[in-house]
Amino acid sequence: MTAPTSLSASGLAKSYLVQSIRTQALADVSLTLRPGELSLISGPSGCGKSTLLSLMSGLSRPDSGEVHALGTDLGRLDDAGRDAFRLAHCGFVFQGFNLFPALDALEQVQLVLDYRGVPQDEARRGAASALEMVGLGHRSHLRPAELSGGEKQRVAIARAIVKRPRLLFADEPTSALDSVNGAIVTDLLREIAHRSGAIVVCVSHDPRLIARADRVIEMEDGRLRRDSHGAPAPSATEIHP
Ligand code: ADP
Ligand code: MG
């Protein structure tokens with residue numbers, strides 16, 4: 001039995017069969033991620049990062065191995081059970097921001113709470129506070145077309161954290177951003193981990209993010225190659241608590 005606060009994988013393997021050619025995307029991957037830190041899974045394109053994220057978040061099932069998330073063995077859940085687990089505990093951020101063009105920032109975030117049946121006033125307040133958290137309180141009336149790429153990704157992060165998930169997964173969240181905005185978004189993910197105590201996992205092939213994570217897990221050819229705790233520069237919140 002794993003701790004009800006951790007996310008762990010043991011012996012994960014996954015392969016894909018395409019036109020009778022089998023690709024081993026992951027082979028025997030084991031790791032435990034802890035709450036309150038930003039773990040960066042890094043490595044070149046095709047090394048299995050997205051596959052690992054999708055297995056650890058219950059989006060897909062491994063060929064073999066186990067995932068225990070917050071004390072639940074995801075392998076024992078059926079598809080509906082895993083959907084319910086993700087809805088209750090997981091937030092997701094992707095490379096493409098996946099925002100609705102017609103909605104302003106506040107509405108994008110509020111929608112998540114509306115969907116969960118939270119009363120309007122409370123949903124509006126919750127959305128406003130999530131946008132404050134990502135530094136966009138003053139931009140909440142703007143639609144995606146009026147926001148920069150970095151701001152759009154921060155709206156997507158606000159949408160992912162508004163329901164206060166204990167697990168936050170980000171797959172290449174900085175790939176569409178320049179280096180300044182990439183750093184802002186990464187620092188924000190780290191700050192969220194520190195402040196909320198969530199398990200935050202970010203997957204990226206961009207080596208510039210390595211110095212900004214609490215922990216760096218390097219992958220190569222479907223396997224873990226190195227696992228290290230870095231000594232990153234203090235984030236803004238640590239300088240001005
Ligand atoms: P990364 O995110 O590090 O770029 P992926 O996990 O997406 O790597 O992919 C790992 C390997 O598995 C690659 O060789 C990729 O082509 C293959 N792969 C990933 N998803 C699929 C899929 N749905 N169907 C077939 N092959 C896939
Ligand atoms: Mg990927």
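Visitor: Where does N98 sit?
Guide: N98 is in the loop between β6 and α3. Helices (H or I, at least four residues) and strands (E, at least two) are DSSP runs, numbered from the N terminus.

Visitor: Before I go on, what kind of model is this?
Guide: This is a predicted model, where local features need pLDDT of at least 70 and side-chain atom pairs need pLDDT 80 or more, while totals for chains, interfaces and linings use all residues. Residues count from 1 along each chain as its sequence is written, chains are lettered from A and ligands numbered from 1 in the order written, and side-chain values use heavy atoms, without hydrogens or water.

Visitor: Back to N98. Buried or exposed?
Guide: N98 is exposed, at 51% relative accessible area. Buried means under 20%, exposed over 50%, and partly exposed in between, using a 1.4 Å probe and protein chains only.

Visitor: What is the phi of N98?
Guide: About 55°. That is positive, although N98 is not a glycine.

Visitor: What about D28's phi?
Guide: D28 also has a positive phi, near 55°, and is not a glycine. D28 belongs to strand β2, residues 21-33. With 54% relative accessibility, D28 is exposed.

Visitor: Now D104. Where is that one?
Guide: D104 is in the loop between β6 (90-94) and α3 (105-115). D104 is buried, with a relative accessible area of 17%.

Visitor: What does D104 touch?
Guide: S140, H141, L142 and R143, leaving out residues up to four places away in sequence. Contact means heavy atoms within 4.5 Å.

Visitor: And how far is D104 from L40?
Guide: Their C-alpha atoms are separated by 30 Å. Along the chain, D104 and L40 are 64 residues apart.

Visitor: Why call α1 largely enclosed?
Guide: Because 7 of its 8 residues, in the stretch 49-56, are buried. Among them are L52, L53, L55 and M56. After α1 comes G58, with a positive phi near 75°.

Visitor: How many disulfides are there?
Guide: The structure holds 0 disulfides. A disulfide is a pair of cysteine sulfur atoms within 2.5 Å. The sulfur of C202 is 13 Å from the closest cysteine sulfur, in C47, so a bond is out of reach. C47 is buried at 3% relative accessibility, and C202 is buried at 1%.

Visitor: Zooming out: how many helices and strands does the protein have?
Guide: 7 helices and 10 strands.

Visitor: What about its radius of gyration?
Guide: The protein has 18 Å. That agrees with the value near 18 Å for a compact globule of 241 residues. The radius is taken over C-alpha atoms, and the globule rule is 2.2 Å times the number of residues to the power 0.38. The C-alpha atoms fill a box of roughly 50 × 40 × 40 Å along the principal axes.

Visitor: How much of the protein is buried?
Guide: 49% of the 241 residues.

Visitor: And what share of contacts is between residues 24 or more positions apart?
Guide: 70% of the contacts with a separation of 6 or more.
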